[in-house]
Amino acid sequence: MDESTKRLVQRLMRRIPSKMLKITLEKWGRLTEKQQREIEAVQSKRALTEHLLSFCEKNELGVKRLTELEMIHIIDNPNQEMWYAFRLSDPEDDARSVDLMQFKEQFKSHIRELVSQVSVKIRKHTDEAVWIRIAWGDTYSCPNHLKPTYVVHNLQTPYVFVTSLTSKKKLMLSQALVLSTRYQSLKDANLSGRKLTAIRDLLMRQYQQVFPTKYPSPLTERNQTVTNPHIEREQAKPAERRLQLACEAFGVGMLPQLQSAVYKLETKLRDHTDRTMREREEPFRCVVKFASTNLLESLKNCASSGIASTPVTPLLSSIPLKGKNYFVITENGPGPSSQMS
Amino acid sequence: MAAKSNLSGSPDADLSSLSDRSLSSRASNRSLRVAEKERRKNDAEDPFVLALKYFSNVEAGTPVHGNDEVEKNLVLVERAAYSKGLSPEAISVMLEFAMSLRMGSGICPRVLKCLIPATVVPQEAVVRAVAWLGVANIPVNTQILFIKWLLTVFDLIDAKDQLRAIYGFIFNFTSEENLCPFICHLLYLLTRKESVRVFRVRKLLELQSKLGRQPFLLNLLSLYKVFCPELVTLSIPSQLKSVFRNHNLPWKSALTVVQRRNSPQVASSLNLFSTSKHKTTSRKRKHHHLGLAMLSSAVNKEPQTETSRQLVPLVQLHSVAQLLENMHRIELPAQMGSLLGSSLGLHYLDCVQDESALLRLNFWLGYTLQEELLFSSDEGSSQSSEESMQFLDKLLSTQHFLQEGFSSSEAFLYKFLSVWDGSVLRPQILGLLSNIPVVPSSQIGQLLFEPLMQLFFTSSLFFKCGLMESLNNMLLKWLTWHSVYALEDDLDISLNSHTSINMTLSGFKDSVMELVDFVGRLASVGLQLEGCHSLLLNFILDFYTTVCDMFLKYGLPLVVVPPPGVFYPALFATDPVSVDRLAFIMHRYKVNLTSAKSQEKLTKQAFRISRQTFKEFNNYAVFMVNCLWNAKLIQPGMSIQLGEELLLKSNVPEYWKSFDLIYHPAFMSYAVDFHQKCWPGRKDMDLDSIKHSKPWNWYLEYLFNQGYDGLKLFIQSNTSRQLTAGDGQGNSLSTE
Amino acid sequence: MSLLKPFSKLPSLNTANILLVESEEQFQQSLADVLVEETAFTVNVRLAKSLPLPKENEESRPRIDLVVFIINLTSELSFQSAEASLKYLDPGYLLGKVCFMVTKARNTSVPTERLDAVRKLAAVLSCPLLFAEDQTPDGVTNARERLLSILKVSAGLVPMATALYLSNLTRCTVPPDIDQPSFD
């Protein structure tokens, strides 16, 4: 067993929490029952790593098998990485008919053409998503399995979710993807977050949404708790209205968990009292970042509690509406509406 | 093995060499040693130990960027630090690594931030680090970070002798403007009498003229002044606006976590006699509780300089006799808070007029109270409030022991009252309140009465009672002080043996007067709002039981009679106990006034009780006698006047009798009972028949036998008993 | 602008009505829940985020005996909202039927200036300023007790005492500078 394989085992063991190790190894299914039992008896991470190393040696499990183990872990715990969303655009006529086998073959061959040293592993997960693990190398070096890129793509949808990627590799990945899915281009969807499911739900609109209506919505019924007849909310109606608007903007129930929203402003300052700023030719640049463990929930709360004014400003409601959390706001000629791209 | 020999009690080789140490410290040494051995064994293959080895051996100039090894090892150390803290050796290694800038200054802050000690910080490491401060080219921010760290873990440093030895070296850093505030704080903690020198004072004054009257300079100077008043001629405000800020933010939470986690074993391995527990500082204090010598011996570092200077740490003393022997060469503990838990320490504080000890204790207390109690609600956990409670209880028992309050706890209380909701820590706060030393009458209103009045009128009955009790205790303490400290010759009293606040007798009288008046106001309106609740009334009468005896019991030439808002509700109360207590109070007033009058005549002294007081008292006494004894409710020329027609309109038959001893609602049941006993055969009850001279005397006898001594005393002193009801005359005091 | 008036409606028997105004709508709910538990007399609680109150409720709204502005000291918004709401209050309320209740005053993140500003506001209006510990159940119960004792008086349920009388005793005064009690 060479040094790099050893490093890979150590790294894997560090990533997988002890309590999940057993199940993950079982799913992997590369250890004998005896070995599995032996592993279960060991407590310390250190000793576990030693054991696993020796088993790998014994069972002749190489890098290939170990990457399987890593994939199993990542697929089960997709919320430990930073995911970036991309959107495929301009489908060709046969884009709809691409099936898994075809995609697999095509993708592998395309990417091998582009990069000489690359290791690709593709698995289909139960929820229709295709998981791709790519370990990149270059002309002179073997694939680096310690820093792989994960790509998740649901066939027949235009969305692709990718973990850590440099711009050079992005170019190659996009080319391989475009060719094998029969689309024409891959664009940055300007959405990122630590929870894969959340950003996928947001893009595919798989969360409870509320649509504007003139009639009393079932929302009010839901929120009516049994209250004491001696307690009366004076402003119950405006509060309800605020809640309704907030829900219309952000949805109800469990909202997809986003961690941040970034606005990059390149606008002119419209302050008539400040001459120097007004007469500047250059736009005023700044970055506004909202961060929270559950950003949409926080924003919704701000709106429903009246901290943020309702109806919710399009700047905020665009996050779920457009499925983006990175906005560049630039000056777009005269007029109050600023362009968001 | 060690444990075994200890069990059997046979003297072993160690014993003779350790004979001067206590049994407990030996035991703890042993358990420490055992633990140490255990740890060593585990260490051999531990990656953490390898990481430390890496940091101690890494060559200077090794690059940081792209160096996975550093990253890996540092992460290991950080993880260990945040989970269970770093051992003393680890602290030494990492501190040395960071301060020597072996891998540049970039990594330095990160290392400093993870220096969370598990037990103690070795002094040598600190001294070396301070030395690096002078040699290496460390960025200013990192220097400040280091000093902040040092201040945070100051109480955990195992000995301070070498640090004190380089006092002068540290002092030099005051000239660095950015470092100065932190260095001053450090010096404040290190300063001893020997360290105060003319040139240092001069340097500080120089700095002050350059930087302005900065609190950190003033604080240090004030400490210098305490040690050597002859060197510091500067006048320093007695109450500095703020103490040193605390800088433990980067470490506080981690330290708390680590210390909480380690606390059980720490508590068992270091058997120290502090019991005061309090939040983050508690463990620090516990470690260091009077424990200078003990802890340093535990790590085998007997401070040489200490013994040569013949100072005896307080911890080595175990009896009052030893304390007395070594009184002149006591080494105060590094952590003044530990004194609160030690009775010997308190004895020492009590009998030594050592301002510095008190100043240090005050400084520590003020800081702790402010940081941990005043602003503790953001955590809001029940555990923290439990700890606050225990801490305040400790403080209260200390104050009780010393029979005086601390100025810092007083200042804390004033601040706390202004944001108090009236419920949190109520027993403790009310306890502190009753320990407040006499407040000058010019300030008493603003500091005490305003917040208290608001709390009183907006709070529940029980709060009202509690406050009344607390104010009564406060008055009692003040009066006791007065009777103890009053100097006969110039009527000047020193209020507090340790502070220089002196107060003239008239000033003191003013304060007492203010207090009594204030309580009178609270009581009158309080009774009105609570519908003359008898529980509240009882607490109020407690207070007046103290007030009425001020002259005879405490020698204070001041008599204040209760306001009508207290007198009448008590007189017309429906429970006999209140009426009885009022009668007792009136009796004591009479005794006090009579004695004051006779003394005045005898000595022709300057003080006199005002005529108004006599008049008010007489009015009350006459009214009471008329009411209870003569069955005359309204008499012309009385203090309260009611229209005759109005009373007639009420349709109460013979209303004038309603409050005599028979028909008074408090005594009516007794009258009925008496009537049945006196004339068992009679069918129709005629209570008026008690009025006849013979049954009347029997009735009185009967009432007095129920335990109404106050009533008895009052009636005996204010009426001539031989006379039957109706013609008894209240013999009031004359004002002449 | 519709003013809330103290005497525009008749009181009802053995009933006291309290209006809790809090922009964050957090503490008022828990406070309301315990306030209505009072058994000696009926307590009606009206909750509002800010004043003015909506016109359409005017009919159903009973006479309000006490208006409580709850201010979270850690939030400037909370203070500003209370300050703005005061404009919609009939001056008659200032004769003892308004009080301020401050929460989180012992929080480290509270700037002293804000506490001073609240004190000044209460002092200018001669209103009592109560402090409450909203985090603990004990604190909530205590806040209830204190509000009830004021409410009882301002609703006229305590003989011989009026709201103005009590507020005279409990009103806030200009903040003392207790940082420096100059003893010498």
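Tutor: The radius of gyration used here is taken over C-alpha atoms, and the rule for a globule is 2.2 Å times the number of residues to the power 0.38. The model is a predicted one. By that rule a compact globule of 341 residues would have a radius of gyration near 20 Å, whereas chain A has 25 Å. The box that the C-alpha atoms of chain A fill, taken along the principal axes, is roughly 75 × 60 × 45 Å. Within chain A there are 13 helices and eleven strands, and buried residues account for 28% of the 341 residues. Of the contacts in chain A between residues at least 6 apart in sequence, 69% join residues at least 24 apart.

With that background, consider the sheet of chain A. In general, the strands of a sheet pair through backbone hydrogen bonds, in either a parallel or an antiparallel sense. Here six strands of chain A form an open sheet with antiparallel pairing, in the order β2-β3-β4-β5-β1-β6. Strands β2 and β6 (183–193) of chain A are at the edges with a single partner strand each, so one side of each is left without a neighbour in the sheet. From one strand to the next, the twist averages 20°. Helix α5 (residues 63–76) of chain A packs on this sheet, where it touches β2, β3 and β4 of chain A, and its direction makes about 130° with that of β3(A). Helix α8 (residues 196–203) of chain A lies across β1 (83–91), β4, β5 (159–162) and β6 of chain A, at about 120° to β6(A).

On one side, β3(A) pairs with strand β2 (residues 118–124) of chain A in the antiparallel sense, over seven bridges, and A:Lys121 has A:Arg133 in β3(A) as its bridge partner. Strand β4 (residues 149–154) of chain A is likewise antiparallel to β3(A) and is joined to β3(A) by six bridges. In that pairing A:Trp131 has A:Val152 of β4(A) as its bridge partner, while A:Ile132 is partnered by A:Val151 in β4(A).

Four bridges hold strand β4 (residues 98–103) of chain C and β5(C) in a parallel pair, in which C:Thr103 has C:Ala132 as its partner in β5(C).

The contact between the chains takes ten residues from chain A and 14 residues from chain C. On the side of chain C that touches chain A, strand β2 (residues 42–48) of chain C gives the most, with seven residues. The residues of that side comprise eight nonpolar, three polar and three charged ones.

Chain C itself has five helices and five strands, and from the N terminus on its elements follow the order β-α-β-β-α-β-α-β-α-α. Its radius of gyration is 16 Å, close to the 16 Å that the globule rule gives for 184 residues, so chain C is as compact as a globular protein of that length. The C-alpha trace of chain C spans about 55 × 35 × 35 Å along its principal axes. Buried residues make up 46% of the 184 residues in chain C, and of the contacts there between residues at least 6 apart in sequence, 82% join residues at least 24 apart.

Note on methods: Residues numbered from 1 in each chain as written. Chains lettered and ligands numbered in written order. Predicted model: local features only at pLDDT ≥ 70, side-chain atom pairs only at ≥ 80, totals over all residues. Helix = DSSP H or I, 4+ residues; strand = E, 2+ residues; numbered from the N terminus. Buried ≥ 20, exposed ≤ 12 C-beta atoms within 10 Å, placed from the backbone. Contact = placed C-beta atoms within 7 Å. Pairing = 2+ DSSP bridges. Nonpolar A, V, L, I, M, F, W, Y, C, P; charged D, E, K, R; others polar. Axes fitted to C-alpha atoms, helices over the stretch in contact; angles between N-to-C directions.
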